[in-house]
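I opened my notebook to look up how this chain is built. My entries follow the model below.

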Amino acid sequence: MEYRQIENNNQEQFLEMLAKMDPELYLIKIALLETKINPVIIPRIIRVIGNMNIGTGYGEITILMKERVVTQVKANESDVLNIPVDKQE
């Protein structure tokens with residue numbers, strides 16, 4: 001068997017196993033394979049979401065790219081106030 005064919009068979013078996021053991025992780029793996037996005041970026045994004053979640057739970061996440069390179073994953077956290085500007089007496 002040719003090396004490339006063995007590698008393809010192993011990849012197929014791995015994906016089948018992953019789909020059965022952890023379907024959510026399988027979906028992420030398929031998206032990474034389809035888009036060829038560097039998987040090292042994903043944990044950084046997850047951490048920003050997690051940090052915002054344990055903080056105020058509100059905000060905006062920005063991913064900055066320059067020439068196909070992710071340069072920053074920024075969180076802009078905010079507080080939800082819902083307080084009228086005019087003081088009620």
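I count a contact when heavy atoms lie within 4.5 Å. Among contacts in the chain with a separation of 6 or more, 12% join residues 24 or more positions apart.

I noted the ground rules next. This is a predicted model: local features need pLDDT of at least 70, side-chain atom pairs count only at pLDDT 80 or more, and totals for chains, interfaces and linings use all residues. Residues are numbered from 1 along each chain as its sequence is written, and side-chain values use heavy atoms, with hydrogens and water left out.

I looked up the fold. The chain has 3 helices and 2 strands (DSSP runs numbered from the N terminus: helices are H or I, at least four residues; strands are E, at least two). Along the sequence they run α-α-α-β-β. The radius of gyration, over C-alpha atoms, is 21 Å, well over the 12 Å of the globule rule for 89 residues, so the chain is more spread out than a compact globule. That rule is 2.2 Å times the number of residues to the power 0.38. The C-alpha atoms fill a box of roughly 85 × 35 × 15 Å along the principal axes.

I checked burial. Buried residues make up 7% of the 89 (buried is under 20% relative accessible area, exposed over 50%, partly exposed in between, with a 1.4 Å probe and protein chains only).

Which side chains meet in a salt bridge? I found E7 and R4, at 3.9 Å, N to O. A salt bridge needs a side-chain nitrogen of Lys or Arg within 4 Å of a carboxyl oxygen of Asp or Glu. The whole structure has 1 salt bridge. Both residues lie in helix 1 (residues 3–21), 3 residues apart. E7 is partly exposed at 36%; R4 is exposed at 55%.
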